[in-house]
Structures are given as structure tokens and as C-alpha cells.
Amino acid sequence: MSESVRKMFSQIAPRYDLTNDVLSLGAHRRWRKKAVKLARAAPGNKVLDCATGTGDLALAFKRAVGPQGEVIGTDFCADMLNLAPAKATKAGLDIRFEVADATALPYADASFDIVSISFGIRNVDSPQRCLLEMARVLKHGGRALILEFGQPQGLFGSFFRLYSKHLIPFVGKCLTGNRAAYEYLPKTSAAFPSGNGFLELMNETQAFHKSQAHPLTFGIAYAYVAEVSKHF
């Protein structure tokens, strides 16, 4: 991944959680809970959460898989990841956190029941390579879960685009001091394929089947769930 993206996340890491809560009015927490359900996380599952950031999705998965399950959270930005262990400890959850690139995962083939990435795949150098790595480390019948921003349509979509262009950078600057980061995030979200477009991207890898796109909050975000292909 580009060094500029890594530096950007390092700079906003200390106030990343607060800014997410303010900008989404807490909706991102509901999206993660829904995503865990869609991934059919069950007690005893082994889960890898890529681009875990400060660990929110990893925590949600750990609650679902229980003490007998295992969750590993990884991120390419150490400054983001450094905030995650304390959150897990405070929640009484045993989660392993490791620095790793989602396009070159340091794990053996067929190691996990579920592999996820939340609001991170649009930031990697090659989304296809990331998807292939997720498929590689999934067990036979394992599931990939991708959370990513969408592109709402209609009247709500027009409002959301104005909000993204003007209010998100303003609030981001006020809370983190980094306006450029919160100009970058909406810009990349608007340019990244969503809905059927992202399903086509997944299908191009030939690594998944039974792919589904689930819109969240009028399409502001999507949860994509797919099973690794038998032949992969």
C-alpha cells in the first residue's frame, strides 16, 4: 500500500473513532453488527479481520465466536492498530492484533472460517489481489465479508453527496486537524464500485461464489458476503 495512505491514517488515528461516531451518527457500529450476522459468525469460528483499524469489527466478531473461537485483527498502519489492544482488554475480549498487508497476508492457506475487511479494500493498491488473498486463507466453504461505502441514489443520494463534499471535510478538520484526509475518504468512496459493480469485481477473481450485496442505510454502505469457490 502507498506510504501516503499509511501516513494519512497514522495522523488521524488518535481521533479516528470519535470522528467516525460524529460523521456517521453512530451508524457504523450498527453496520458492523449487521455484517457479523450476515457472515454467519458462530461460536468456535476462526476469523481474520483485515484493515481492522482500531479493532471495532474484530471486537464484534469475537463476541460472536466466543471464548472457544479465535479472532486475529490486522492492519498495515501500526499507529491505528496500536489503539486496538486496549479496546479489546477493556471489553474483556482476547484478540490477537498484528501488522500485516491485506494484499500479502502472512497466514497459511485454508486457515480461517471467515475473513473480513471493513472500509479498507478501496485503499489497497489492488482490490483484486486483496480478494484473492482473502480467498487463499479461507477454509473450504469459508466466507468473505467486505464492508465498504456505497453510492446512494435519488434525492437522498444528492443530499449525501453534498454532505460528503462539504461537511465531512469540515468536521474531519475540526476533529483531527487533517482536512485532506477527509477529502480523500469521500472521494475514494465515490469512485469505488459498489453494489452490483463490486460483485462484478469479486466475480472477476473467480475466487468466490454465492456473492451477495446487502445495502445498509439507503446504500451509504454495503455488506458483501461470498463463499470461497470450491476450485480455488
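Is Glu227 buried or exposed? Glu227 is buried, with a relative accessible area of 18%, where buried means under 20% relative accessible area, exposed over 50% and partly exposed in between (1.4 Å probe, protein chains only). This is a predicted model, so local features need pLDDT of at least 70 and side-chain atom pairs count only at pLDDT 80 or more, while totals for chains, interfaces and linings use all residues. Residues are numbered from 1 along each chain as its sequence is written, and side-chain values use heavy atoms, with hydrogens and water left out.

Glu227 has a partner. The side chains of Lys210 and Glu227 come together in a salt bridge, 3.9 Å from N to O; the term covers a side-chain nitrogen of Lys or Arg within 4 Å of a carboxyl oxygen of Asp or Glu. This pair links distant parts of the chain, with Lys210 in strand S6 (residues 208-216) and Glu227 in strand S7 (residues 221-228), 17 residues apart. Helices (H or I, at least four residues) and strands (E, at least two) are DSSP runs, numbered from the N terminus.

By the same rule, the count comes to 15 salt bridges. One of them joins Arg96 to Glu70, with the closest N and O atoms 3.3 Å apart. Here too distant parts of the chain are linked: Arg96 sits in strand S3 (residues 96-99) and Glu70 in strand S2 (residues 70-75), 26 residues apart. Arg96 is partly exposed at 39% relative accessibility, and Glu70 is partly exposed at 30%. Both belong to a network of salt bridges that links Lys46, Glu70, Arg96 and Glu98.

Another bridge stays inside one helix. Arg129 and Glu133 meet at 3.4 Å, N to O. They are separated by about one helical turn because they lie four residues apart in helix H7 (residues 127-136). Arg129 is partly exposed, with a relative accessible area of 41%, whereas Glu133 is buried at 3%.

Lys33, Lys34, Lys37 and Arg63 form a patch of positive charge on the surface. Patches are made of residues with over 30% relative accessible area and no salt bridge, like charges being joined within 9 Å and nonpolar side chains (Val, Leu, Ile, Met, Phe, Trp, Tyr) within 5 Å. The largest share of the patch, three residues, comes from helix H3 (residues 27-38). Arg63 has its place in helix H4 (residues 56-65) and is exposed, with a relative accessible area of 54%.

Then come the rings. The count is 13 aromatic pairs, taking rings of Phe, Tyr and Trp (its six-membered ring) whose centres lie within 6.5 Å, with planes under 30 degrees apart called stacked, over 60 edge-to-face and the rest tilted. Phe156 and Phe159 make a tilted pair, 6.4 Å centre to centre with 45° between the planes. Both lie in helix H8 (residues 154-176), three residues apart, about one turn of the helix. Phe156 is partly exposed at 30% relative accessibility, and Phe159 is exposed at 52%. Tyr222 and Tyr224, by contrast, are stacked, at 5.6 Å centre to centre and 15° between the planes. Tyr222 is buried at 17% relative accessible area, and Tyr224 is buried at 1%. Ring pairs also link Phe156, Phe159, Phe160, Tyr163 and Phe218 into a cluster.

Terms used: Areas by Shrake-Rupley, 256 points an atom, 1.4 Å probe, with all protein chains shown as cover. Lys, Arg positive; Asp, Glu negative; His and termini not counted. Charge placed at Lys NZ, Arg CZ, Asp CG, Glu CD.
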